[in-house]
Amino acid sequence: MQDNAKPATRVLIVDDHPVVLSGCRTLLAVDQSIRIDEAVDAKSGHRAYISKRPDVTVIDIGLPDVSGFELMRRIRKDDPAAKIIMFSMNDDPAFVVRAVELGAQGYVSKGDDPKILLKAVRKVVAGDNFISPQLAEAVTFSGAAIKANPASQMTPRELEILRLLGRGDKIVEVAEALGISYKTVANTTSLLKQKLGAKNHSDLIRIAVAIGLD
């Protein structure tokens, strides 16, 4: 007798909120072919990706150590074919566009109907791209605003450095978190001041908070 069982789909969820992880487990359990692995920060998420090689990885942008954008960069450096869905409270269209530009195949807002995440996982595993309908419409109708948003003009490394500065990290702490030199962070900080029209370090922190880099 031929075995027609559907092959298991491995999903890695990287999020530091226990309630979110629990909700995702419950939601995805509807599909019995899905197997879930979890991680609570970028470091453990990267390690889990390397060891588990999931079919799709769902990443919260606001992780406690470095951002989901930085984790996506690290994963895609190891595996350019990685399938990634960004999962965030931030529904700014500029962040959606940035995520796609950086290689994400999907973007789902935590404010969406929970069933949207399951739909996104199925679509991305099948090789399609997926942006929740409400966000897709917002992206379509806000092109000019996106171009004006500072987040759309920064590299992944610049975004990450600005985010860490915005949460109050010192340059030496940013360098340690990202595994790069103090000089690299200092030089990038100077470039960010020029790019964003910031007069000083406090201005950079204010801009990071204003554009929602948390």
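1. The β-α-β unit. Strand β1, helix α1 (residues 18-28) and strand β2 form a right-handed β-α-β unit. Right-handed here means that, with the strands pointing away from the viewer, the path from the first strand over the helix to the second runs clockwise.

2. Ground rules. This is a predicted model, where local features need pLDDT of at least 70 and side-chain atom pairs count only at pLDDT 80 or more, while totals for chains, interfaces and linings use all residues. Residues are numbered from 1 along each chain as its sequence is written, and side-chain values use heavy atoms, with hydrogens and water left out.

3. Strand β1 and its partners. β1 runs parallel to β2 (residues 34-39), with 6 bridges between them, and threonine 9 sits opposite isoleucine 34 of β2. β1 also pairs in the parallel sense with β3 (residues 56-60), here over 4 bridges; valine 11 faces valine 56 of β3 in this pairing. Pairing takes at least two DSSP bridges between the strands.

4. Aspartate 15 and lysine 110. The model has 11 salt bridges, counting a side-chain nitrogen of Lys or Arg within 4 Å of a carboxyl oxygen of Asp or Glu. In one of them, aspartate 15 meets lysine 110 with the closest N and O atoms 2.9 Å apart. Aspartate 15 is in the loop between β1 and α1, and lysine 110 is in the loop between β5 (106-109) and α5 (115-125), so this pair ties together parts that are 95 residues apart in sequence. Aspartate 15 counts as buried, at 1% relative accessibility.

5. A link inside the unit. Glutamate 38 and arginine 25 form a salt bridge whose closest N and O atoms are 2.5 Å apart. Glutamate 38 belongs to β2 and arginine 25 to α1, so the pair ties together parts 13 residues apart in sequence. Both ends are partly exposed: glutamate 38 has a relative accessible area of 35%, and arginine 25 has 37%.

6. Arginine 167 bridges to aspartate 169, with 3.2 Å between the closest N and O atoms. Arginine 167 is partly exposed at 40%, whereas aspartate 169 is buried at 12%. Elsewhere, salt bridges with shared partners join Glu70, Arg73, Arg74 and Arg157 into one network.

7. Helices α3 and α8. Helix α3 (residues 68-78) packs against helix α8 (residues 156-166) at an angle of about 145 degrees, with the axes 9 Å apart. The axes are lines fitted to C-alpha atoms over the stretch in contact, and angles run from 0 to 180 degrees between N-to-C directions. The contact (heavy atoms within 4.5 Å) involves Phe69, Glu70 and Arg73 of α3 with Pro156, Arg157, Leu159 and Glu160 of α8.

8. Arginine 53 is not a glycine, but its phi is positive, about 45 degrees. Arginine 53 is placed in the loop between α2 (42-52) and β3, and is partly exposed at 42% relative accessibility.

Technical notes:
Helix = DSSP H or I, 4+ residues; strand = E, 2+ residues; numbered from the N terminus. Buried < 20%, exposed > 50% of the residue type's maximum accessible area, 1.4 Å probe, protein only.
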